Amino acid sequence: MIDTNTPLSDFVSGHWYGCPGGTCSVSDDVSSFKGYVNDLISTADGRDVWVPEFQRYGDEAGQREFLEDVLPWLDSSAVVRYAYYMVVDGILTTGGEVNALGGAYAGI
């Protein structure tokens with residue numbers, strides 16, 4: 001018998017991706033992302049919230065602006081774990097070195 005008073009998971013997680021092709025403004029993607037994460041937090045009902053993959057599409061400057069807005073917000077939210085989309089050449093690194101976007105993500 002399943003105890004319906006005990007959650008079946010220890011945490012709630014979700015992935016988020018911005019508008020395809022970077023067609024939305026940074027502020028629209030920030031608003032969409034925060035709304036999505038707040039919905040996860042509400043759904044979690046006190047459990048940990050993870051966002052193990054998120055990314056805003058578009059040019060590096062727009063992605064950096066997005067990160068500069070959402071990272072401090074994530075750090076002060078109920079989200080306990082998060083990670084930007086992936087570390088590959090062109091996203092967070094260039095030629096094996098941290099690029100400007102990777103530096104913004106890492107806080108350096």
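Good morning. In this predicted model, local features need pLDDT of at least 70 and side-chain atom pairs count only at pLDDT 80 or more, while totals for chains, interfaces and linings use all residues. Residues are numbered from 1 along each chain as its sequence is written, and side-chain values use heavy atoms, with hydrogens and water left out.

I begin with the aromatic rings. Rings of Phe, Tyr and Trp (its six-membered ring) pair if their centres lie within 6.5 Å; planes under 30 degrees apart count as stacked, over 60 as edge-to-face and the rest as tilted. By this rule the count is 11 aromatic pairs. In one of them, the ring centres of Phe33 and Phe66 are 5.6 Å apart and the planes stand at 70°, so the pair is edge-to-face. Phe33 belongs to helix H1 (residues 26-44) and Phe66 to helix H2 (residues 60-75), 33 residues apart. Here helices (H or I, at least four residues) and strands (E, at least two) are DSSP runs, numbered from the N terminus.

Is Phe33 buried or exposed? Phe33 counts as buried, at 0% relative accessibility; buried means under 20% relative accessible area, exposed over 50%, and partly exposed in between (1.4 Å probe, protein chains only). Phe66 is likewise buried at 0%. Phe33 also forms an edge-to-face pair with Trp73, 6.4 Å centre to centre and 70° between the planes. Since Phe33 lies in H1 and Trp73 in H2, this pair ties together parts that are 40 residues apart in sequence.

I turn now to the core. A nonpolar core is a set of buried Ala, Val, Leu, Ile, Met, Phe, Trp, Tyr and Cys residues joined through side-chain atoms within 4.5 Å. The largest has 22 residues, and those with the most contacts inside it include Phe33, Val51 and Phe66. Strand E1 (11-17), H1, strand E2 (48-55), H2 and strand E3 (79-84) each supply at least two residues of this core.

Finally, helix H2. Its buried residues include Gly62, Gln63, Phe66 and Trp73. The buried residues of H2 pack against E1, H1, E2, E3 and helix H3 (100-106). Gln63 brings us to Gln55, since contact means heavy atoms within 4.5 Å: leaving aside residues up to four places away in sequence, Gln55 touches Gln63, Trp16 and Tyr84, among others. Gln55 lies in strand E2 and is buried, with a relative accessible area of 6%.
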